[in-house]
Amino acid sequence: AALERIAVTEPKVKAYLTVCDAAALEQADRLDRQLAAGEPLGPLAGVPVALKDNMCTDGILTTCASKMLADFVPPYDATVTTQLQAAGAVIVGKTNLDEFAMGSTTENSAYQVTANPWDLTRVPGGSSGGSAAAVAAGTVSLALGSDTGGSIRQPAAFCGVVGLKPTYGLVSRYGLIAFASSLDQIGPMTKNVKDCALALDVLAGHDRRDASSLQYAPTASYTAGLEAPLTGMKAAFPKEYRQEGIDPEIRRVMEETAATLESLGMVIEEVSLPYSDAGLSAYYLISSAEASSNLARFDGIRYGYRPETFENLEELMLKTRSEAFGSEVKRRIMLGTYALSSGYYDAYYHRAQLLRNQIREQFTGIFSTYDLVLGPVTPALPYVQGEKTDNPLEMYLGDIFTVDVNLAGLPALSLPGGFSKSGLPVGVQFIGGHLQESKLLHVAYQLE
Ligand code: GLN
């Protein structure tokens, strides 16, 4: 059914870079035989899933939507791939993204532009736009995204699906092609909150192959307690998250969400996050600095793209990187290299790290009193395709409400909150304290 649905929606939506027809049918057959033989099945048995194309899949093309990895077939699986398969999920395809996950619209893909299923003239968001569109178009009930500065939550908001960015270290990054290692985190994108909780049950847990993986495994299912009343829980609604610059339709949906939560017995209070506007500069410095270092491995020698002709080693590297990286990736590498270079390190990178600490502490303060923070996911509704492509700075500003969460390593969930008058989905964001995913899922479930 998933493959049939893909055949119908893909010509218009273009969410997938690879569809694994044969392998998916084989896996489904295998599950049928297991079922017939009365063998035990995993918790996601037969569930069609899609993976963002920056997660390694053994024997299946993994491109990062870059020309650099146009024919890269990994010889191993990412931990999340192994986990999903062990749970019985059927991988039906790999989804489009902004090249190396850098972007907010999926327009930075070297291969295709994905459309927002709610309005085909608009972007699905990014960088996990393919995963969000794949779920919104009804082709899979679970897709994985990665979130470095909002790339799960923002496309989830643009496409009207649920997206969860877990606590840093809760889900293994082994086999995720790195963008900014101290910020990257994999998480589920689903049609509803319960599916999101079920997926997290499969994904959460320690992995010795990821050095930053937490020594922690949840003891109960994330579905436990979803039904409990919200009475007595406290949410903070920062005044910086309800300012003028936000689209009035998004503000309306947010205020309506706050009112519903109050009617469900939650206490909501206004707080201030004075460092919230500094997050963007800190994020773009730190993420670009880490990207410049992570992407140094694409040198034309070990794997990936190699130019037809070259005279010497230097020319090989120069041509490889000039020809195979897109312009946004080059921009980040240059920004990051500059910020890390001697003489500028203290002025930029070091100061960004100090700000990062301030942002983390600011949240720690809030979570000593409140269960969660309520806010928008984005300041604007889904853009029309091409609307922002010539203005990178304006594009970066759209990440204002998502990046602080990554800098602080916290979990956050994007929930479809309603629709604009024009019929576009609007997301609301819940941010939680360290490892408080259950609280986020609980509150979101009560609102659904
Ligand atoms: N839009 C942000 C950026 O371009 C976030 C990307 C991400 O989370 N991967 O960096």
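Which residues does Gly417 touch, not counting residues up to four places away in sequence?

Tutor: Gly417 touches Val253, Met254, Thr257, Val426, Gly427 and Val428, with residues up to four places away in sequence left out. Contact here means that two C-beta atoms, placed from the backbone, lie within 7 Å. A word on the model before we go on. It is predicted: local features need pLDDT of at least 70, side-chain atom pairs count only at pLDDT 80 or more, and totals for chains, interfaces and linings use all residues. Numbering starts from 1 along each chain as its sequence is written.

Gly417 sits in strand S10, residues 412-419. Helices (H or I, at least four residues) and strands (E, at least two) are DSSP runs, numbered from the N terminus. Gly417 has 23 C-beta neighbours inside 10 Å, so it counts as buried. The cut-offs are these: buried needs 20 or more other C-beta atoms within 10 Å of the residue's own, exposed means 12 or fewer, and partly exposed is in between, with C-beta atoms placed from the backbone. Now look along the chain from Gly417. Leu335 is 82 residues away in sequence, and the two C-alpha atoms are separated by 36 Å.

Next, strand S11. Ile431 belongs to it, within residues 425-432. Ile431 is buried, because 29 C-beta neighbours fall inside 10 Å. Leave aside its neighbours within four places in sequence, and Ile431 is in contact with Leu372, Val373, Gly375, Val405, Leu410 and Ala412. From Ile431 to Leu226 the gap is 205 residues along the chain and 17 Å between C-alpha atoms.

Helix H13 covers residues 403-408 and holds Ala408. Ala408 has 24 other C-beta atoms within 10 Å, so it is buried. Beyond residues up to four places away, it touches Ile359, Arg360 and Phe363. Ala408 and Asn357 are 51 residues apart in sequence, yet 7.7 Å apart in space, C-alpha to C-alpha.

Leu335 turns up again in a helix contact. It is one of the H10 residues there, along with Arg332, Ile333, Gly336, Thr337, Ala339 and Leu340. On the H8 side stand Leu285, Ser288, Ala289, Ala291 and Ser292. By class, the contact residues divide into 7 nonpolar, 4 polar and 1 charged. Nonpolar covers Ala, Val, Leu, Ile, Met, Phe, Trp, Tyr, Cys and Pro; charged covers Asp, Glu, Lys and Arg; the others, Gly among them, are polar. The axes of H8 (residues 279-294) and H10 (residues 327-340) come within 7 Å and cross at roughly 100 degrees. Axes are lines fitted to C-alpha atoms, for helices over the stretch in contact, with angles from 0 to 180 degrees between N-to-C directions. H8 and H10 are therefore roughly perpendicular to each other. That label takes 65 to 115 degrees; under 35 is roughly parallel, over 145 roughly antiparallel, and the rest oblique.

Now the loop between S3 and H4, for its backbone. Most residues other than glycine have a negative phi, and most peptide bonds are trans. Phe100 lies in this loop. Its phi is near 55 degrees, a positive value in a residue other than glycine. Phe100 is buried, because it has 29 C-beta neighbours inside 10 Å. Thr106 is in the loop between S3 and H4 too. Its phi is positive, about 70 degrees. Thr106 has 34 other C-beta atoms within 10 Å, so it is buried. Ser127 is found between strand S3 (90-95) and helix H4 (129-136) as well. A cis peptide bond joins it to Gly126, with omega about 10 degrees.

Then the ligand. It is surrounded by 13 residues, and the closest are Ala101, Ser104, Thr148, Gly149 and Ser151. To be near it, a residue's C-beta atom, placed from the backbone, must lie within 6 Å. The shell has 3 nonpolar, 8 polar and 2 charged residues.

Finally, the whole chain. It comes to 14 helices and 11 strands. Of its 448 residues, 54% count as buried. Among contacts with a separation of 6 or more, 74% come from residues 24 or more positions apart. The C-alpha trace spans about 70 × 65 × 45 Å along its principal axes.
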